[in-house]
Amino acid sequence: MQKLRFATAVITPFQRIGLLRTAPAVVFGSTSGFIYPGSREAAYSEVRTELVRKSIHLLIALVPSVALVTGVDFMLALLGIGTLFYAYAETLRLNGHPVAVISYITTVAARDRDRGRFVLGPVTLGLGAMLALLLYPLPAASIAIYSLAFGDGLASLVGKMFGRLRIPFTRGKTFVGSATCFVAVYEVTLAVLGSPKEAAIIAAGATLLEMIPVRDLDNLLLPMGVGLLANFLISG
């Protein structure tokens, strides 16, 4: 029964958030709601880059379901191999020897600040998921990884596209992005635990962690912090 519950929880967050239903509206939405300075072409370019980045980001949400089926050790090995292979491919790219598909996706998904540099995001993303699996039992680890995938991923995307009011001292974080993080983490936590109170506490913690301006290191900070909080509430 416990495995069945977690197997259901793996699928339910996608359904609760309605990601597949809303994605076309996000991709093809009018630029009238965007806050980007400059031309419409520049706005679309930045949104396209962020959409590619966060599409990759959202894939990390598959980790709990794979771990449930194959075992945590196998999933850790898979994440480790994938992270090392990406780092090797990225090193080759920077030395003028791009790796087919991987280097192309990396280039398309790179932000302006990453141009000509090692793109660290996928490495910290893989490490963040590995740390969650290593440090916490599967229920808490699942919440931590879902928070990383949906909370951080959707907060950045929605904030870029529709955020107008910036949160002071957060290097550009927006209120609408943080609100998106709270709602996303609340929904996935509620799907896993079934407790509105605990879901609200974990969502609030995730939102505060997501606001800390540490760039790609939030891929480590968020799952570690959320996993710790979730494990405390579950075990308590």
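Reader: Is arginine 171 buried or exposed?

Author: This is a predicted model, in which local features need pLDDT of at least 70 and side-chain atom pairs count only at pLDDT 80 or more, while totals for chains, interfaces and linings use all residues. Residues are numbered from 1 along each chain as its sequence is written, and side-chain values use heavy atoms, with hydrogens and water left out. Buried means under 20% relative accessible area, exposed over 50%, and partly exposed in between (1.4 Å probe, protein chains only). The relative accessible area of arginine 171 is 66%, so this residue is exposed.

Reader: Where does arginine 171 lie?

Author: Helices (H or I, at least four residues) and strands (E, at least two) are DSSP runs, numbered from the N terminus. Arginine 171 has a positive phi of about 55° although it is not a glycine. Its place is in the loop between helix 8 and helix 9.

Reader: What is the phi of phenylalanine 169?

Author: Phenylalanine 169 is in the loop between helix 8 (138–162) and helix 9. With 83% relative accessibility, phenylalanine 169 counts as exposed. Although phenylalanine 169 is not a glycine, its phi is positive, at about 65°.

Reader: How many salt bridges are found in the whole structure?

Author: A salt bridge is a side-chain nitrogen of Lys or Arg within 4 Å of a carboxyl oxygen of Asp or Glu. A search of the whole structure gives a count of 6.

Reader: How many residues apart in sequence are the parts tied together by aspartate 114 and arginine 53?

Author: Aspartate 114 and arginine 53 form a salt bridge, with their closest N and O atoms 3.9 Å apart. Aspartate 114 lies in the loop between helix 6 and helix 7 and arginine 53 in helix 3 (residues 40–58), so the parts tied together are 61 residues apart in sequence.

Reader: Which residues are linked with Arg53 and Asp114 in a network of salt bridges?

Author: Aspartate 216 and arginine 113 meet in a salt bridge of 3.8 Å, N to O. Aspartate 216 is in the loop between helix 10 (196–211) and helix 11 (218–235) and arginine 113 in the loop between helix 6 and helix 7, so this pair ties together parts 103 residues apart in sequence. Aspartate 216 counts as buried at 12% relative accessibility, whereas arginine 113 is partly exposed at 28%. The residues linked with Arg53 and Asp114 in the network are Arg113 and Asp216.

Reader: Is glutamate 210 buried or exposed?

Author: Glutamate 210 forms a salt bridge with lysine 173, their closest N and O atoms being 3.2 Å apart. Glutamate 210 lies in helix 10 and lysine 173 in the loop between helix 8 and helix 9, so the pair ties together parts 37 residues apart in sequence. At 4% relative accessibility, glutamate 210 counts as buried.

Reader: Why is the pair of tyrosine 86 and phenylalanine 118 edge-to-face?

Author: Rings of Phe, Tyr and Trp (its six-membered ring) pair if their centres lie within 6.5 Å; planes under 30 degrees apart count as stacked, over 60 as edge-to-face and the rest as tilted. By this rule there are 3 aromatic pairs. The ring centres of tyrosine 86 and phenylalanine 118 are 6.2 Å apart, and the pair is edge-to-face because the planes stand at 80°.

Reader: Which helix holds both phenylalanine 182 and tyrosine 186?

Author: Phenylalanine 182 and tyrosine 186 form a stacked aromatic pair, 6.3 Å centre to centre with 15° between the planes. They are 4 residues apart, about one turn of the helix, and both lie in helix 9 (residues 175–193).
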